[in-house]
Amino acid sequence: MAKENLYSAEYIGSGTFIISKPKRSKKKRRQQAVRSPKPGMRK
């Protein structure tokens, strides 16, 4: 059940594109932050 046009690139001219893609879900962003903490952080 994938929607159409989730990823699209529109050519404007002279090497310029407008690229649209789906946003990451809040759940995935949270898990990524939990799994890989920023360098220099302590627990």
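The model is a prediction in which local features require a pLDDT of at least 70 and side-chain atom pairs count only at pLDDT 80 or more, whereas totals for chains, interfaces and linings use all residues. Residues are numbered from 1 along each chain as its sequence is written, and side-chain values use heavy atoms, with hydrogens and water left out. The mean pLDDT (the predictor's confidence in each residue, from 0 to 100) is 85 for the protein chain, and 86% of the residues score at least 70. Among the elements, confidence is highest in β2, with a mean of 93, and lowest in helix α1 (residues 26-35), with a mean of 89.

G13 stands opposite T16 in β2, and the two strands form a hairpin with 2 residues between them. S14 is located in the loop between β1 and β2, and its phi is near 50°, a positive value in a residue other than glycine.

Of the 43 residues of the protein chain, 2% count as buried, a class defined by under 20% relative accessible area, with exposed meaning over 50% and partly exposed in between (1.4 Å probe, protein chains only). S14 counts as exposed because its relative accessibility is 70%. The chain exposes about 4,900 Å², of which carbon and sulfur atoms supply 55%; accessible areas come from the Shrake-Rupley method with a 1.4 Å probe, and for residues only the protein chains shown count as cover.

F17, which is found in strand β2 (residues 16-20), has a relative accessibility of 48% and therefore counts as partly exposed. A search of the whole structure finds 1 aromatic pair, formed by Y11 and F17, whose rings are tilted, at 5.0 Å centre to centre and 55° between the planes. Such pairing applies to rings of Phe, Tyr and Trp (its six-membered ring) with centres within 6.5 Å, planes under 30 degrees apart being stacked, over 60 edge-to-face and the rest tilted.

Notes:
Helices (H or I, at least four residues) and strands (E, at least two) are DSSP runs, numbered from the N terminus. Two strands pair if DSSP finds at least two bridges between them.
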